[in-house]
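Colleague: Walk me through this one, please. I would like to learn how to read each feature as we go.

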Amino acid sequence: MQVFYGSVINPETLTSYKASSNALLAVNAQGIVEWIVHDVQDSLIQETLLQKGCIEVEVIPLKDGQFIIPGFIDTHTHAPQLPNIGTGAQYELLDWLEKITFPMEAKFADDKFAEAAYPEIVRRTINAGTTTCCYYGSLHLGSTKVLADIVHSLGQRAFVGKCNMDRNSPDYYREDSPETSLCDTQKLIAHIHSLDAGSSGIPLVRPIITPRFAISCSNPLLTQLGDLVSSDPSLHIQTHISENRSEITFAKSLFPECKSYAAVYDSFRLLRRNTILAHAIHLEDEEMALIKERQAGISHCPASNFHLNSGIAPIGEYLDKGIKVGLGTDVSGGYSPSILNAIRNASIASKIRAMQANVGAKSSGQFKNNQLSIASLLYLATLGGAQVCDLEDHIGSFGPGKSFDALVVDVRGVAGNHNLWGADSEIAGTKSLDAMLERFLFCGDERNISMVYVQGRCIGGAGRS
């Protein structure tokens, strides 16, 4: 049993979180939160522990300027693209894929290349505070197995998928046939299921079906993937939708029988509760209604949307409609593997939408054409992402029975981040927990993430010994 004592910030809704400066949070040997008690004064710690039946339990105290939040959930990123990070800003999506992305991903045909690249890629996402990550691999079975093995060995919670793509990509980076694509996908699923779940009995790494996007998948391939997921409702699905206007036009031309881009996925039974749709910048009203009806989720990737000149997703409108939304880094369309970067860009994107709307009176919706609050940004990065991953009963916030996936954040000057006026700074002049959270979200970086916990186990962070 681990018992933490100190400041805890827990998302509750899109408009609220609970910030407690003197909380006791107990985590059992399986990495599950047993209980939380708020507002416990120092003199009452032992009495509270005795009331909970905890005898001779070591209490892990947090220092002033440290607090615990749920781990970040990255609902969309491309592991084999991280070596390209920060390049290709002169291109829009389809040219960027051709000139920047596909040549790099093709290198992962070599398993040795993957074995050299993926450990650092996964470590970077962990140390950035990402406790759960939805990874696209390349189209190669071997290197995607390597990715799954490395994620498993490093202790991160993740979904790992091999890209399905049998058309409209270069000859050197395309699967031979729908049958080959499906067979390799099934082999990856079996491989991931064979990985040890550990003492908790909860598998951290899960397979996810990954049709890259409708453009890159033939009708026979999409049909076979639809058959596969229909046979197993637990299989998650991830793909792209409506990122770029040229992409939308191309997709519609390939599927003239479908009314919309979203209808393409729905027609192949790929749109459901555990489907993650990346970007969704230019959705039509019918598509929003369909996504809501199917209970699919949207991964908002604002940094990538800016970087590739794709547009600004109307996230406020989606939230008003009750559509699930989380955040994604979309490396390397996005130029940072950190959800903190996604939070900042999501804030900017919401403000631009509000300015463009030029709303003089109060907006007609709670979120549409309004800037996202601190509570909303925290929610999207944590519990919102858990909902998109269909894991909200297990992660995304702290509560009895939920896994302890968490970050110990340190906003003191000793963390060494000169961009953040620490909680112990006389110049900053505040020790408010709300203020510390806001400063971390907008000025923090990996140096301020002291410990990264997944299922109760510390797997990274700047302070990890």
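Predicted model: local features only at pLDDT ≥ 70, side-chain atom pairs only at ≥ 80, totals over all residues.

Colleague: Which residues of helix 6 are buried?

Modeller: Buried means under 20% relative accessible area, exposed over 50%, partly exposed in between (1.4 Å probe, protein chains only). In helix 6 the buried residues are Leu221, Leu222, Gln224, Leu225, Gly226, Leu228 and Val229.

Colleague: What span does helix 6 reach from its first C-alpha to its last?

Modeller: The expected span is 1.5 Å times one less than the number of residues. Helix 6 has 12 residues and reaches 16 Å, close to the 16 Å expected.

Colleague: Which residues touch the most other members of the largest nonpolar core?

Modeller: A nonpolar core is a set of buried Ala, Val, Leu, Ile, Met, Phe, Trp, Tyr and Cys residues joined through side-chain atoms within 4.5 Å. The largest has 125 residues; Phe67, Phe72, Tyr118, Tyr135, Tyr318, Ile343 and Phe440 touch the most other members. A second, separate core of 14 residues includes Ala23, Ile68, Ala406 and Tyr453.

Colleague: How many aromatic pairs are there?

Modeller: Rings of Phe, Tyr and Trp (its six-membered ring) pair if their centres lie within 6.5 Å; planes under 30 degrees apart count as stacked, over 60 as edge-to-face and the rest as tilted. That rule gives 11 aromatic pairs. One of them joins Phe67 and Phe440, edge-to-face, at 6.3 Å centre to centre with 80° between the planes. Phe67 lies in strand 5 (residues 66-70) and Phe440 in helix 15 (residues 433-443), so the pair ties together parts 373 residues apart in sequence. Phe67 is buried at 0% relative accessible area. Phe440 is buried too, at 0%. Elsewhere, Phe4, Phe398, Phe404 and Tyr453 form one aromatic cluster.

Colleague: Now a polar side chain. What does the side chain of Thr75 make a polar contact with?

Modeller: A polar contact is a pair of N or O atoms within 3.5 Å; within protein, one must be able to donate a hydrogen and the other to accept it, and residues adjacent in sequence count only if both atoms are side-chain atoms. The Thr75 side chain meets the side chain of Ser299 at 2.6 Å. A polar atom of the Thr75 side chain also lies 2.8 Å from the backbone oxygen of Leu327. Thr75 sits in strand 6 (residues 72-78) and is buried, with a relative accessible area of 0%. Contact means heavy atoms within 4.5 Å. Beyond four places in sequence, Thr75 has contacts including Cys134, Ile276, Gly326 and Val388.

Colleague: What about backbone geometry? Which residues does a cis peptide bond join?

Modeller: Val331 and Ser332, with omega about 5°. Ser332 lies in the loop between strand 14 (324-327) and helix 12 (339-357).

Colleague: Is Asp390 buried or partly exposed?

Modeller: Asp390 is partly exposed, at 25% relative accessible area. Its phi is positive, about 60°, although Asp390 is not a glycine. Gln455 also has a positive phi, near 55°. Gln455 is buried, at 9%, in the loop between strand 16 (449-454) and strand 17 (457-460).

How values were computed: Residues numbered from 1 in each chain as written. Heavy atoms only, no water. Helix = DSSP H or I, 4+ residues; strand = E, 2+ residues; numbered from the N terminus.
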